Amino acid sequence: MATNRTFTMIKPDATAAGNAGKILDIILENGYKVVALKYIHLSTAQAGAFYEIHKERPFYNDLVSFMTSGPIYAAILEKENAVADFRTLIGATNPAEAAPGTIRNLFAKSIDANAVHGSDSDENAMIEGAFFFNRFERF
Ligand code: CMP
């Protein structure tokens with residue numbers, strides 16, 4: 001069952017570049033409601049656990065290292081068809097392939113420093129949102 005919620009992170013590259021406000025603005029302009037929000041610097045253990053699903057991938061260590069290089073914004077977003085629409089809004093994982101006008105096309109530098117995360121399924125949106133927010137922090 002679609003939950004109409006997705007999970008996002010504004011990653012360390014976009015946060016350090018001062019683009020978090022602009023990215024949040026685009027998200028809001030596209031009809032998403034922020035139902036949870038946190039500004040946090042992940043520890044290696046936390047990032048490692050969040051990306052456990054990629055543990056066997058060759059880019060896992062670089063990914064954990066990058067995601068702990070500075071603070072991020074984590075958020076749960078609500079809108080009809082949130083997961084699929086948000087992935088369209090952010091564009092392809094590799095910014096070189098991201099469609100013009102997408103968040104990654106506008107703000108991402110590389111496949112690692114790709115500005116934002118967006119859940120790839122309703123199930124993962126729930127798992128990822130619950131990783132960052134307890135039930136008193138989601139509205
Ligand atoms: P995201 O989908 O947010 O979460 C996993 C991240 O791994 C992905 O963004 C990329 O930033 C990063 N990554 C690095 N190399 C690759 C790759 N070859 N394929 C997919 N993701 C990659």
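Predicted model: local features only at pLDDT ≥ 70, side-chain atom pairs only at ≥ 80, totals over all residues.
1. Asn81. Asn81 is placed in the loop that runs between strand 3 (72-78) and helix 5. Its phi angle is near 55 degrees, which is a positive value in a residue other than glycine.

2. Ala115. A positive phi, near 70 degrees, is also found at Ala115, again a residue other than glycine. Ala115 belongs to the loop between helix 6 (103-107) and strand 4 (116-118).

3. The residues around the ligand are Lys11, Tyr51, His54, Arg57, Phe59, Leu63, Thr93, Arg104, Ile111, Asp112, Asn114 and His117. Sorted by class, this shell holds four nonpolar, four polar and four charged residues. The largest pocket is the space that the ligand takes up.

4. Which residues place a polar atom at 2.9 Å, 2.5 Å or 3.3 Å from an oxygen atom of the ligand? For Lys11, a polar side-chain atom is 2.9 Å from a ligand oxygen. For Ile111, the polar atom belongs to the backbone, and its distance to an oxygen atom of the ligand is 2.5 Å. For Asn114, a polar atom of the side chain is 3.3 Å from a ligand oxygen. The ligand taken alone exposes 450 Å², of which the protein buries 78%.

5. Thr68. The loop between helix 4 (60-67) and strand 3 contains Thr68. Thr68 is classed as buried because its relative accessible area, 17%, is under 20%. A polar atom of the Thr68 side chain lies 2.9 Å from the backbone oxygen of Val64.

6. Leu89. Helix 5 spans residues 82-90 and includes Leu89. The relative accessibility of Leu89 is 14%, so this residue counts as buried. Along the chain, Leu89 and Thr102 are 13 residues apart, and their C-alpha atoms are separated by 5.4 Å.

7. Pro12. Where is Pro12 placed? Pro12 is found in helix 1, which covers residues 12-16. Its relative accessible area is 4%, so Pro12 is buried. The C-alpha atom of Pro12 is separated by 8.8 Å from that of His41, and the two residues are 29 residues apart along the chain.

8. Glu137. This residue lies in the segment that comes after helix 7 (122-132). Glu137 has a relative accessible area of 28% and is therefore partly exposed. Glu137 and Thr15 are 122 residues apart along the chain, with a separation of 22 Å between their C-alpha atoms.

Technical notes:
Residues numbered from 1 in each chain as written. Heavy atoms only, no water. Near = heavy atom within 4 Å. Polar contact = N/O pair within 3.5 Å; in protein donor to acceptor, adjacent residues only side chain to side chain. Areas by Shrake-Rupley, 256 points an atom, 1.4 Å probe, with all protein chains shown as cover. 1 Å grid on protein atoms, 1.4 Å probe; cavity = no way out; pocket = protein on both sides within 12 Å on 5 of 7 lines; lining within 4 Å. Sits in = over half its atoms within 2 Å of the grid points. Nonpolar A, V, L, I, M, F, W, Y, C, P; charged D, E, K, R; others polar. Helix = DSSP H or I, 4+ residues; strand = E, 2+ residues; numbered from the N terminus. Buried < 20%, exposed > 50% of the residue type's maximum accessible area, 1.4 Å probe, protein only.
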